[in-house]
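Trainee: Could you walk me through how to read a few features of a new structure? Let's have it on screen.

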Amino acid sequence: MLAAIVHLLLCTAGLAQAPALLTNGGFEALKPVGPDAQGLVVGWKVGDPPQLPEGWTLNSAYPGEISIGTEGAHSGTSFVRLQATPKNGAHLYQTCEGLQPGQWYRVSLWLRGGPVRLQFYQYFATGPIVTASIGEARAPADEWREYTTYYQAAGGDFLRAAFAVEAVTGNAADIDDALIEPLVLPPV
């Protein structure tokens, strides 16, 4: 009987996982969108068919072009392609639920093309939004490469943060399998 209880506990332990800090990082879940009279969605040119990855937001202050690619995805069936304009970078972002003040996180994604900048828009109880740049990466246009960096959520009156991927001015990049994971660090 004791062996059966221990076995049951071990089998169910793997089911209790922390909620994902970033949803739809593989860009598999898509939603149709309706462009305006100029053929734009919040200032962005959207691919054909017009669709966006669920859970992600186009930054209307930094518009560009976005399309969903299906041929040659790193894993799964789709990825996102960002194209910046010659005048500004193109920012795609997602608000991350559950980031803890002062906690370190591992941030990774698979990239083809670029360069891209990885950033967090940080929101506070008082004061302005602060953008934390956590790295820039590029890869060959015909080869997927993994990029990993780290982010520490701000302390003080930190409320939340949004993870942003920016295709740098005048460049295009394919992005797939974005992931944010908390790091367990030993006490110093």
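Trainee: How many bridges join strand 5 and strand 8?

Mentor: Strands are DSSP runs of E, at least two residues, numbered from the N terminus, and two of them pair if DSSP finds at least two bridges between them. Here strand 5 and strand 8 (residues 90–96) pair in the antiparallel sense over two bridges. Thr57 has Tyr93 of strand 8 as its bridge partner. This is a predicted model, so local features need pLDDT of at least 70 and side-chain atom pairs count only at pLDDT 80 or more, while totals for chains, interfaces and linings use all residues. Residues are numbered from 1 along each chain as its sequence is written, and side-chain values use heavy atoms, leaving out hydrogens and water.

Trainee: What strand order does the open sheet have?

Mentor: Its five strands run 5-8-13-10-11, with antiparallel pairing. Strand 5 (57–58) and strand 11 (130–137) are the edge strands, each pairing on one side only.

Trainee: Which residues have the most contacts inside the largest nonpolar core?

Mentor: A nonpolar core is a set of buried (under 20% relative accessible area, 1.4 Å probe, protein chains only) Ala, Val, Leu, Ile, Met, Phe, Trp, Tyr and Cys residues joined through side-chain atoms within 4.5 Å. The largest one here has 43 residues, and Phe120, Tyr151 and Phe163 have the most contacts inside it. Strand 13 (residues 158–167) gives the largest share of this core, five residues. Apart from it lies another core of five residues, among them Tyr93 and Tyr123.

Conventions:
Helix = DSSP H or I, 4+ residues; strand = E, 2+ residues; numbered from the N terminus. Buried < 20%, exposed > 50% of the residue type's maximum accessible area, 1.4 Å probe, protein only.
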